[in-house]
Amino acid sequence: MSSADLASLTGVRSGKNSYYREFRRSSERLEAAVRSLDHISVALVRTVEGPRALLTAVVQAAAEHLQARWVVLAVADGCLPESRPRFLGLDETGRVVDTVEALPEEARPWLARLRGDPPDRAEAEESGLVVVPMSIDGVPVGGVAGRAASRELTEPLDLSVLRILVNQAAVALHTASLYNSSVALRTRADQLTQEANQHARDLAVRSQELQSAQALLIAAREREALDAERHRIARELHDSVTQYVLSAGMAVEVARGELEGTDVARRLAEARDLTQHAVGQLRAAIYSLNQTGDGDAPVLPRLLEQACALHARPGLAVDLRLEGSPVALPAAAEQSLARLAGEALFNVSAHSGANRCVVRLSYGGNQIRLTVDDDGTGDPATLRTLLRVEEAGDVDGRHRGLVNMASRAEELGGSFAVRRSRLGGVRTLVQVPVVRRAAS
């Protein structure tokens with residue numbers, strides 16, 4: 001085997017007949033390289049400590065391999081922006097530091113060069129200065145520089161070892177950069193999701209507020225229209241119907257005076273009383289129509305008091321009884337119940353021949369119960385038959401009172417019934433659900 005072949009196989013070159021000394025030296029360099037790689041392998045498995053542990057191991061291994069007085073490893077500005085730390089170095093005491101002030105004076109210019117213009121190939125000077133690039137996909141992203149103890153420690157094998165060390169650091173930094181970027185993106189995505197959810201909740205709240213405001217506006221407009229219509233009807237009743245009834249009553253009274261003492265005069269007196277009763281009902285209706293129902297106080301009990309006082313007459317005692325805690329209802333509902341009670345009281349006064357009548361208004365839970373009882377001669381079965389006939393169709397327009405009462409109760413979502421009263425006469429029963437007055 002020739003000297004060239006032996007040199008090619010062993011990496012040992014010598015001009016002498018013995019290769020032992022050169023072999024020993026090469027073996028020692030190889031052992032140093034293995035030790036350096038062993039440092040990196042230990043650092044690679046310390047993933048929970050992040051890239052700093054690996055970079056520290058790279059700096060220490062490079063310093064040990066070169067027997068260097070100083071070593072600095074840096075990432076170029078603008079490269080791997082999420083990577084931390086940006087540089088590490090070995091101070092004069094052998095400690096790994098990450099501040100410029102702690103580095104030896106000789107190392108600081110090389111730190112600036114690595115950060116500003118990283119090398120693209122490994123270099124070794126006669127003075128023992130070594131510069132090795134740190135690359136990713138062939139693109140320099142930083143590097144390592146150090147001052148070896150002797151020129152003999154900067155041979156190609158040493159440069160290869162340093163390149164391996166530095167490239168491991170590059171991979172660790174790149175991986176950490178990707179991880180940090182993914183974490184930042186995930187955090188931002190979570191923030192955007194939270195913001196979107198919050199915006200959705202805010203939008204739902206605003207939508208609900210808008211719907212509530214719209215409902216209040218519609219209710220206000222409806223109430224305004226209803227009040228205007230009530231006032232119009234009240235004015236028409238006062239200016240026309242009431243005047244006609246008063247005129248009719250006056251004409252009846254004049255005729256009765258001319259026929260004083262006759263049977264016709266007695267009947268005209270009854271007609272006069274009926275016109276007076278009708279005028280009283282019209283005035284009560286006009287008063288009720290002019291009540292707007294504003295405020296929180298229930299007005300139904302007061303309306304019923306007025307109705308009872310209006311229909312009471314000599315020979316007919318009307319008693320009002322309230323049970324439970326009054327609840328403020330919508331104005332239209334209170335007006336309808338008052339009119340319904342007034343119609344029932346009119347029937348008692350005009351048709352039943354009763355001497356006593358009891359109006360009972362009961363507030364209980366979610367229901368209002370209104371009853372009008374009398375001790376007259378009315379027959380509930382006959383009244384129920386009349387109601388069915390009237391609901392089927394009343395050609396002459398008479399006897400609409402029962403139908404109107406039933407219709408009012410149905411419009412309020414309740415029920416209407418005619419039964420036998422415990423007083424002996426007829427009981428008119430209305431039950432409606434409680435629909436509280438909306439807040440202004």
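Glu-123 of strand E4 (residues 123–124) has Val-131 of strand E5 as its bridge partner. The model is a predicted one, in which local features need pLDDT of at least 70 and side-chain atom pairs count only at pLDDT 80 or more, while totals for chains, interfaces and linings use all residues. Residues are numbered from 1 along each chain as its sequence is written, and side-chain values use heavy atoms, leaving out hydrogens and water.

Back to the two strands: E4 and E5 pair in the antiparallel sense over two bridges, where pairing means that DSSP finds at least two bridges between the strands. The two form a hairpin with four residues between them, and Gly-128 in the turn has a positive phi of about 95 degrees. On to strand E6 (residues 139–147), which pairs with E5 in the antiparallel sense over eight bridges. Along this pairing, Pro-133 has Gly-143 in E6 as its bridge partner, and Leu-129 stands opposite Arg-147 in E6. The hairpin of E5 and E6 has two residues between the strands, and Asp-137 takes a positive phi near 55 degrees there. Strand E5 (residues 129–136) is largely enclosed by the rest of the structure, because seven of its eight residues are buried; buried means under 20% relative accessible area, exposed over 50% and partly exposed in between, with a 1.4 Å probe and protein chains only.

These strands belong to an open sheet of six, in the order E3-E2-E1-E6-E5-E4, with antiparallel pairing. At its edges sit strand E3 (96–97) and E4, each of which pairs on one side only. Two helices go with this sheet. Helix H3 (residues 51–66) lies across strand E1 (70–75), strand E2 (87–90), E3 and E5, and runs at about 35 degrees to E2. Such angles run from 0 to 180 degrees between N-to-C directions, and the axes are lines fitted to C-alpha atoms, for helices over the stretch in contact. Helix H4 (residues 107–116) packs on the sheet too, touching E1, E2, E4, E5 and E6, and its direction makes about 20 degrees with that of E1. Contact means heavy atoms within 4.5 Å.

There is a second sheet to look at. This one is open as well, with five strands in the order E7-E8-E9-E11-E10 and mixed pairing. Strand E7 (317–323) and E10 are its edge strands, each pairing on one side only, and the twist averages 15 degrees from one strand to the next. Within it, E8 and E9 pair in the antiparallel sense over eight bridges, and Gly-364 stands opposite Gln-367 in E9. Helix H7 packs on this sheet, touching E7, E8 and E9, with its direction at about 170 degrees to that of E7. Helix H8 lies across E7, E8, E9 and E11, and runs at about 10 degrees to E9. Thr-371, also in strand E9, counts as buried at 2% relative accessibility. Leaving aside neighbours within four places in sequence, Thr-371 is in contact with Val-358, Val-359, Arg-360, Arg-427, Thr-428 and Leu-429.

The two helices meet each other as well. The axes of H7 and H8 come within 9 Å and cross at roughly 20 degrees. Residues making the contact include Leu-300, Leu-304 and Ala-307 of H7 and Leu-337, Ala-341 and Leu-345 of H8.

Leu-345 turns up again in the largest nonpolar core, which has 39 residues; Leu-345, Cys-357, Val-359, Phe-416 and Val-430 touch the most other members. A nonpolar core is a set of buried Ala, Val, Leu, Ile, Met, Phe, Trp, Tyr and Cys residues joined through side-chain atoms within 4.5 Å. Among the elements that each supply at least two residues of this core are helix H7 (300–311), helix H8 (331–352), strand E8 (356–364) and strand E9 (367–374). The largest share, eight residues, comes from H8. Cys-357 touches, among others, Leu-316, Val-318, Leu-345, Val-348 and Val-372, not counting residues up to four places away in sequence. Apart from this core lies another, of 31 residues, among them Leu-55, Ala-61, Leu-90 and Val-144.
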